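Subject: Structure for you to look at

Hi,

Here is the structure I promised to pass on. Please open it and keep it beside you as you read my notes.

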Number of protein chains: 2
Amino acid sequence: MLKEKRLNAIQDQHIQLAHGNGGRLMRELIDNLFAYHLDNPLLDTNVDAALMPIDGKRQDVMVTTDGFTVKPLEFPGGNIGSLAVHGTINDLSVSGALPKYLTLNAFIEEGMEIAQLDRIIASLAMAAKTANVSIIAGDTKVLARGEGGGLYLATTGVGVREKNIQLGMNYICPSDVILVSGPIGDHGTAVMLAREQFGMRGNLQSDSTSVLPLSQALLKILGLKFMRDPTRGGLVSVLHEIILATGLGIRLFEPQIPIQAPVRSVCEMLGYDPYYLACEGRIVAVVSEEQAEEALTALRAVPSGEQAAIIGILQAEQPHLVLETELGGERFLEDLEDEPLPRIC
Amino acid sequence: MLKEKRLNAIQDQHIQLAHGNGGRLMRELIDNLFAYHLDNPLLDTNVDAALMPIDGKRQDVMVTTDGFTVKPLEFPGGNIGSLAVHGTINDLSVSGALPKYLTLNAFIEEGMEIAQLDRIIASLAMAAKTANVSIIAGDTKVLARGEGGGLYLATTGVGVREKNIQLGMNYICPSDVILVSGPIGDHGTAVMLAREQFGMRGNLQSDSTSVLPLSQALLKILGLKFMRDPTRGGLVSVLHEIILATGLGIRLFEPQIPIQAPVRSVCEMLGYDPYYLACEGRIVAVVSEEQAEEALTALRAVPSGEQAAIIGILQAEQPHLVLETELGGERFLEDLEDEPLPRIC
């Protein structure tokens, strides 16, 4: 990257909400500013978890970190506490690792009700226990009233991975198949509804959960090349990252993409596109054509994977994301530019 | 702890600034809420860094995490970026570990000037490089305007420690000696002055730096029992933690405690007590009586330890913190209760 281009992008600019939406602006901020300064051989902004060289013999140690801010702090199916556990162990899981340890940072706003904080940390502890991970270090800071959104959390996770596991976007090639482990957009929609600002109520729940059972099932498939959990920016952002890294195109088959009826109706009423909505308990996987059906069967055998589906293919064509619609038409799904959605993870 | 007592402390209560000041309320919040829920054999709220069992053979792997919020974001001698590196590597250093890796979380407020963010991350990167640690994973979140203090950072650090190192408050006994590696309160005072709200200006700089050279020097002293960096709540909070854990008393000798003249005058003018002010590049160490002089010599041989001093002793008496004043009188230094100081780390 040319230094001049970097400086042009920085001068007289201010942070916008879109710098946090998982799309192009966020990637530019990370590449041109954070990765530019922090550059070192172990830092790779394209992976979910980094290798951490420790003198382990049979296993690789992996680390990942994630920050959490969501409104409201509690929503159907979870809260910021359970989310902070699932988000980080899911990043380890899709990297092929078994999550072991977490650290926790809490930034708590002055005036927060302690009973609510107690519920959230109880839920966080339960999520950690269920996933068999221990929280081994933590820190709390208090933010002055009016300088926080109630509660921000950050978790760092450490896991171990068998030495022979090879996953990454660099293994992806044309004719590979894209799978999703379940319906998309549940988390994004549930959080939007919980805000009540639309005057709607549904019994839709966030899909927030550990994807470890799904990732462990997929790791047994020899043709598995890549996994990711589609959080910020949803399915589209994951697929655009693949396009950017591989230079390949992607064709999605709209009728095959699982979307729950309430998600579909909320999106139709409000004009949102479910392909950009966050999930917090799903996996997008890329598998070789020959083993796609086997991978599908493996996912469907896991309780949270019963609605898994093959949704698209990689193509040696223009590096675009094309959606084949139910009516046989084609629609380009562009990368996120501005902030089209409420911030929900 | 009785469950009823825990619930009484939580019902109808709200988070206060004092829950973040390093004193009694903060410890109660951590013990009665966070540690209560997150309880597991590896979590110990009395240590700076936790042991992380990995299949390492000759070395223990240690982990620590810290959140950072400071106003202003940039101050003489550092900024929130360098602070976020020093704070975490110092927690590893005083635990006897050699810091190796960091992860970084950034919560950035909408509207923040990107040029300022760039300066801060450049400074963070320089601090990491100087300390020979690599930042191997990171995450950014954008906070809506009015819901952040410009920038909050959290760092998690991983380091390795020789297996034979034994440090901890449980090794402390009567007649042990307390040392400090340099003048106290520089960071707290420099940040207060940088706020300009007092209309004062000085050339005092924050002491923010890596304490690794100091901790490595002390680790060669056989009688070394405990090290800590006196950050939030300053010298007094560290010493009260020792009193709480050991049941012993501490006697400090006021004329021996190094305090720079500008710190002393600012405190006198504003009515602050330097013993409660944060340092970000000092070590408080407890050493057996027999090796106290040797430890002092070792500290003074390190560039940032030239003003190291023996400042007090442990006593098998009432568990109080007593300051012997210059005039021969005695003053009790109480644990922090409410928020007497601007939040500065």
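E241(A) and R228(A) are both buried. This is a predicted model. The two side chains form a salt bridge, with N and O 2.8 Å apart. E241(A) sits in helix α7 and R228(A) in strand β9 of chain A, so the pair ties together parts 13 residues apart in sequence.

Strand β9 of chain A also holds K225(A). K225(A) makes a salt bridge with D176(A), at 3.0 Å from N to O. D176(A) lies in the loop between β7 and β8, so this pair links parts that are 49 residues apart in sequence. Both K225(A) and D176(A) are buried.

Now look at chain B. K225(B) pairs with D176(B) in a salt bridge, again at 3.0 Å. Both residues are buried. One network, joined by salt bridges that share partners, takes in D66(A), R232(A), D139(B) and K141(B).

Next, the interface. In chain A, 80 residues contact 80 residues of chain B. The buried area is about 7000 Å², and carbon and sulfur atoms give 66% of it. I15(A), I114(A) and V142(A) supply 10% of the area that chain A buries against chain B, more than any other three residues.

Six salt bridges cross this interface. One of them joins E147(B) to K71(A), at 2.2 Å from N to O. There are also 33 residue pairs in polar contact between the chains. Which element gives the most to the side of chain A that touches chain B? That is β6(A), with ten residues. The residues on that side divide into 43 nonpolar, 22 polar and 15 charged.

Best wishes

Definitions and conventions. Residues are numbered from 1 along each chain as its sequence is written. Chains are lettered from A and ligands numbered from 1 in the order in which they are written. This is a predicted model: local features need pLDDT of at least 70, side-chain atom pairs count only at pLDDT 80 or more; totals for chains, interfaces and linings use all residues. Side-chain values use heavy atoms; hydrogens and water are left out. Contact means heavy atoms within 4.5 Å. Buried area is the accessible area (1.4 Å probe) that two parts lose on being put together, summed over both. A salt bridge is a side-chain nitrogen of Lys or Arg within 4 Å of a carboxyl oxygen of Asp or Glu. A polar contact is a pair of N or O atoms within 3.5 Å; within protein, one must be able to donate a hydrogen and the other to accept it, and residues adjacent in sequence count only if both atoms are side-chain atoms. Helices (H or I, at least four residues) and strands (E, at least two) are DSSP runs, numbered from the N terminus. Ala, Val, Leu, Ile, Met, Phe, Trp, Tyr, Cys and Pro count as nonpolar, Asp, Glu, Lys and Arg as charged, and the others, Gly among them, as polar. Buried means under 20% relative accessible area, exposed over 50%, partly exposed in between (1.4 Å probe, protein chains only).
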